[in-house]
Amino acid sequence: DKVTRLALTKLGYASRPCATRTMALSSAGYQDFSAYKARMNRQLGQYLDDSQTDRLVHQYGSDVEALIGYFERDPASACTLCASRPNVAAEIRHAVASEMAIRLDDVVYRRTGLGTIGYPGPTCIDQCADIMAQMLSWDSGRRAAEVERLGLYRRHLGLL
């Protein structure tokens, strides 16, 4: 709210009330977060432990319910991609199917949090690339190009 007012003032526009201050996010489809989280722990408990469910509810809000379908269709979607990160395969599938992600670097660094604390390692990258290649019908050349692009992105950002 303060930043918006300051920006409007600096740009010479009249200040107006911030509409997003009381607006619910699209992924906040619940009134009582604790009760919602408890319900999700019960629903997702057959696929994930409580810490994973808590992480996903905090990250996705009520959009976590979209992941349930992936778990039901393929229980392996609840498996972590690699030992260094808690992310599960369903998160990659969700990014592609529901968030229009078409680039490996987008999924790793912006959609899933895989790269938030640094490069997740080749095992995570390979798992992620395999899922995306299958979903987006990438041939081996496109898959290799996406992995290479991710490497260039890392070098550009100094994330080596």
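The dialogue below takes these topics in turn.

Student: What is the mean pLDDT of the protein chain, and where is confidence lowest and highest?

Tutor: Where pLDDT is low, the predicted coordinates should not be read in detail. This is a predicted model, and the mean pLDDT of its protein chain is 87, with 88% of the residues reaching 70 or more. Confidence is lowest in helix H1, residues 2–10, at a mean of 81, and highest in H7, at 97.

Student: Which cysteines form a disulfide, and which parts does the pair tie together?

Tutor: A disulfide is a covalent bond between the sulfur atoms of two cysteines. The structure holds 1 disulfide, formed by Cys82 and Cys124, whose sulfur atoms are 1.5 Å apart. Because Cys82 lies in strand S1 and Cys124 in helix H7, the pair ties together parts that are 42 residues apart in sequence. Both Cys82 and Cys124 are buried.

Student: How many residues does the largest nonpolar core have, and which of them have the most contacts inside it?

Tutor: The largest nonpolar core has 21 residues, and those with the most contacts inside it are Ile92, Leu104, Val108, Cys128 and Met132. Two or more residues of this core come from each of strand S1 (80–82), helix H5 (89–99), helix H6 (104–111) and helix H7 (122–136), and H7 gives the most, with 7 residues. If residues up to four places away in sequence are not counted, Ile92 touches Leu81, Val107, Thr112, Leu114, Cys128, Ile131 and Met132. A second, separate core of 15 residues includes Tyr36, Leu56, Leu67 and Ala90.

Student: Is Asn41 buried or exposed, and which residues does Asn41 touch?

Tutor: Burial is read from relative accessible area, where a residue under 20% counts as buried. Asn41, which lies in helix H2 (residues 33–44), has a relative accessible area of 18% and is therefore buried. Leaving aside residues up to four places away in sequence, Asn41 touches Asp50, Thr53 and Asp54.

Technical notes. Residues are numbered from 1 along each chain as its sequence is written. This is a predicted model: local features need pLDDT of at least 70, side-chain atom pairs count only at pLDDT 80 or more; totals for chains, interfaces and linings use all residues. Side-chain values use heavy atoms; hydrogens and water are left out. A nonpolar core is a set of buried Ala, Val, Leu, Ile, Met, Phe, Trp, Tyr and Cys residues joined through side-chain atoms within 4.5 Å. Buried means under 20% relative accessible area, exposed over 50%, partly exposed in between (1.4 Å probe, protein chains only). Helices (H or I, at least four residues) and strands (E, at least two) are DSSP runs, numbered from the N terminus. Contact means heavy atoms within 4.5 Å. pLDDT is the predictor's confidence in each residue, from 0 to 100. A disulfide is a pair of cysteine sulfur atoms within 2.5 Å.
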